[in-house]
Amino acid sequence: MINDWVNHYHCRLDSPVARLPTMFKLGVALVIIIGTVLSPTAWTWWFVGAALLLCLAVAFSGLPLLFLLKRLAVLSPLVLGVALVNALEPAARGSWRWVAARSMICLLTVLLVANTTPFTKILKVLKMARVPDLLVTTLALMHRYLFVLAEEAQRMGRARASRTFTRQRRVWWRALATVLSQLFVRASERAERIYDAMCARGWR
């Protein structure tokens, strides 16, 4: 999954939605998210309109439908958890469906913007919006070294797979837990080395 994610972000997507101005896409996404969160459940027309607009955006985005469904499936446990907590409350037991619908609309909006807009353009819009420089720099560094972390995870996963001679699920889960724990240690050490190297080159 990490390999598909990295390859997707390294490719250049060309579609009508991808060619839209970044500020326009971010503005529309912000309106959809805020409107979906704040709209009362009686405003059915808002949720239907937002869903239709997102379906239209998906159709013109050039993104494979299976790709979006996989990303939604990865994030769906969080949505289902929130809906389940809401369903267990006696006072709000009937509104869990609306909570799930709001969450899915917001998640799909974020996924569409993130996968049709280069992150550098998003950072430029944030700078134009007078977002603090420290926050913009932190986001840029996180995005840059996320790929480094993904590549490190791939190397460790291949190394562990080459040393595992069984396909038992119990052994596989134990190997995965070992890789994740070692990845955390290596990421911390590498972050310290990168920070020292940047400071040595005059970055503050």
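Start by selecting Gly62, which sits in the loop between α3 (44-61) and α4 (65-88) in this predicted model. Gly62 comes after α3 and has a positive phi, near 80°. Show the surface there: Gly62 is partly exposed, with a relative accessible area of 48%. Gly62 and Asp14 are 48 residues apart in sequence, yet their C-alpha atoms lie 7.3 Å apart in space.

Next, step back into α3.

Which residues of α3 are buried? Select Phe47, Ala50, Leu54, Val58 and Ser61. Look down the axis of α3: these buried residues fall within an arc of 75°, so they line one face of the helix. The spacing rule behind this kind of pattern: an α-helix has 3.6 residues a turn, so residues three or four places apart point the same way.

Last stop: bring in α2 (residues 22-38), whose axis comes within 10 Å of that of α3 and crosses it at roughly 150°. That angle makes α2 roughly antiparallel to α3. The crossing of the two helices is left-handed. To see where they meet, show Val28, Val31, Ile32, Gly35 and Thr36 from α2 together with Trp46, Phe47, Ala50, Leu53 and Leu54 from α3.

Key
Residues numbered from 1 in each chain as written. Predicted model: local features only at pLDDT ≥ 70, side-chain atom pairs only at ≥ 80, totals over all residues. Heavy atoms only, no water. Helix = DSSP H or I, 4+ residues; strand = E, 2+ residues; numbered from the N terminus. Buried < 20%, exposed > 50% of the residue type's maximum accessible area, 1.4 Å probe, protein only. Arc of directions from axis to C-beta. Axes fitted to C-alpha atoms, helices over the stretch in contact; angles between N-to-C directions. Parallel < 35°, antiparallel > 145°, perpendicular 65-115°, else oblique. Left-handed = near helix turned anticlockwise from the far one by under 90°. Contact = heavy atoms within 4.5 Å.
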